[in-house]
Amino acid sequence: MPCLIQGLGCNSLENLLEIKDLRVSFPTDDGDVHAVDNLSLSLKAGETVAIVGESGSGKTVTSLSVMGLHNLRSAKLSGSILIADGDGVVDVVSDDQEKVRNLRGRVVSMIFQDPMSSLHPYFKIGNQLAEGYLVHNPGKKAEAKARAIEMLDLVGIPEPAKRVNDFPHQFSGGMRQRVMIAMALMNTPKILIADEPTTALDVTVQAQILTLMQKIQKEFNMGILLITHDLGVVAQVADRVSVMYAGNIVEQGSAEDIFYRPMAPYTVGLLQSVPKISYGKKERLFSIGGQPPSLINLPPGCAFAPRCTYSKNAPAGSCDASLPNLTGVTSGHVSRCHSPEAQRPALFAHNQERAN
Ligand SMILES: Nc1ncnc2c1ncn2[C@@H]1O[C@H](COP(=O)(O)OP(=O)(O)O)[C@@H](O)[C@H]1O
Ligand SMILES: [Mg+2]
């Protein structure tokens with residue numbers, strides 16, 4: 001049915017993106033790699049949701065799932081990834097490939113960590129930008145070129161009408177990342193997935209790129225799913241945060257919840273690992289001891305338990321017996337931990353004081 005009253009929830013989806021119970025595994029000779037397990041999250045227009053976790057926790061697998069970019073011969077997916085498209089909804093997991101391809105670049109776009117490997121070295125960037133536009137606007141070459149120049153200008157590339165004819169190697173790292181952002185924006189997508197967009201850049205350029213993304217987000221009222229291992233980046237831009245460990249979300253909440261009222265021991269560990277500036281005082285950087293588990297033979301209990309300094313505060317044996325559910329007494333703030341929620345803030349605060 002066409003939407004008669006704009007903005008009154010005609011769309012059958014309240015959010016731009018709703019991931020529900022996503023599971024992704026890769027069968028291998030050694031067994032199935034359970035890269036993502038039971039992940040749910042949502043993203044609204046104008047909002048930035050961060051997924052944070054250490055390397056190997058399943059962040060990129062999640063972002064590729066939303067883009068429908070897994071090779072379905074080597075990846076097994078279940079659950080649903082609902083994306084709003086006008087009045088309709090597409091499920092990236094179960095709808096046919098043609099429908100998903102039609103969303104890519106137009107409704108949902110992605111920028112990757114390493115712009116050099118995503119840009120073809122032999123083609124002028126103008127042609128590479130135009131390509132994504134032409135997929136959804138066949139034959140409109142002049143329009144595509146004009147749009148490429150407009151987008152390069154928007155992302156702060158000086159003399160865009162001239163630079164459109166340059167090759168990727170003629171741009172610095174930061175400028176290449178701007179080109180990648182321009183490329184992602186060619187069709188004014190509703191959702192931008194940014195997978196470690198600033199990891200390869202130095203800190204000053206990183207800040208400029210994040211500021212640019214925020215400016216563009218405002219202009220287009222875009223929803224951004226920001227994937228990062230860097231809590232500094234999260235602090236700068238995220239409204240809500242999902243913390244991932246070994247393929248599971250271990251804590252979800254507003255950025256304030258995560259930074260000021262962390263409820264999962266893994267989040268506390270991540271926060272303690274952030275370098276602090278303290279003049280005249282030598283500081284040893286904290287890092288969480290131990291290694292993440294193998295994703296092939298996940299233990300039946302909490303995957304973080306072998307590294308957790310709080311398991312003694314949970315009922316005896318519970319951490320090894322079962323994975324705790326995502327629960328929380330404050331609305332919108334949930335975490336996985338067997339130790340009693342009411343006791344955790346005092347426990348974490350005590351430990352933090354000792355670490356300082
Ligand atoms: N195609 C694949 N086949 C087998 N294992 C994979 C594949 N892609 C990713 N993985 C595994 O899934 C886990 C999560 O990977 P990834 O999402 O890339 O982590 P990150 O959080 O660092 O982005 C890793 O253990 C990785 O080795
Ligand atoms: Mg990754």
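## A walk across a domain interface

Across the interface of domain 1 and domain 2 the rule finds 1 salt bridge, a salt bridge being a side-chain nitrogen of Lys or Arg within 4 Å of a carboxyl oxygen of Asp or Glu. You're looking at a predicted model, where local features need pLDDT of at least 70 and side-chain atom pairs count only at pLDDT 80 or more, while totals for chains, interfaces and linings use all residues. Residues are numbered from 1 along each chain as its sequence is written, chains are lettered from A and ligands numbered from 1 in the order in which they are written, and side-chain values use heavy atoms, with hydrogens and water left out.

**Stop 1: the two domains.** Colour residues 17-238 as domain 1, then 264-277 plus 285-355 as domain 2; these bounds come from an automatic or database domain assignment. Their C-alpha centres lie 31 Å apart.

**Stop 2: where they touch.** Here 11 residues of domain 1 are in contact (heavy atoms within 4.5 Å) with 9 residues of domain 2. About 880 Å² is buried between the domains, 63% of it from carbon and sulfur atoms. Buried area means the accessible area (1.4 Å probe) that two parts lose on being put together, summed over both. Now pick His34, Glu54 and Leu231: in domain 1 they lose the most area to domain 2, together 53% of what that side buries.

**Stop 3: the bridge.** Which residue forms a salt bridge with Glu54? Show Arg307: its closest N and O atoms with Glu54 are 3.0 Å apart. Next, select strand β2, residues 31-43, which gives the most to the side of domain 1 that touches domain 2, with 5 residues. (Strands are DSSP runs of E, at least two residues, numbered from the N terminus.)

**Stop 4: along β2.** Arg23 sits in strand β1 (residues 17-28), 14 residues from Asp37.

**Stop 5: ligand 1.** Glu54 turns up again here, among the residues around ligand 1; "around" means that a heavy atom of the residue lies within 4 Å of the ligand. Others to click include Phe26, Val33, Thr60 and Leu295. Which atoms lie by the oxygens of the ligand?

- Gly58: a backbone N or O atom is 3.1 Å from an oxygen atom of ligand 1.
- Lys59: a side-chain N or O atom is 2.9 Å from an oxygen atom of ligand 1.
- Thr60: a side-chain N or O atom is 2.9 Å from an oxygen atom of ligand 1.

Technical notes:
Helices (H or I, at least four residues) and strands (E, at least two) are DSSP runs, numbered from the N terminus. A polar contact is a pair of N or O atoms within 3.5 Å; within protein, one must be able to donate a hydrogen and the other to accept it, and residues adjacent in sequence count only if both atoms are side-chain atoms.
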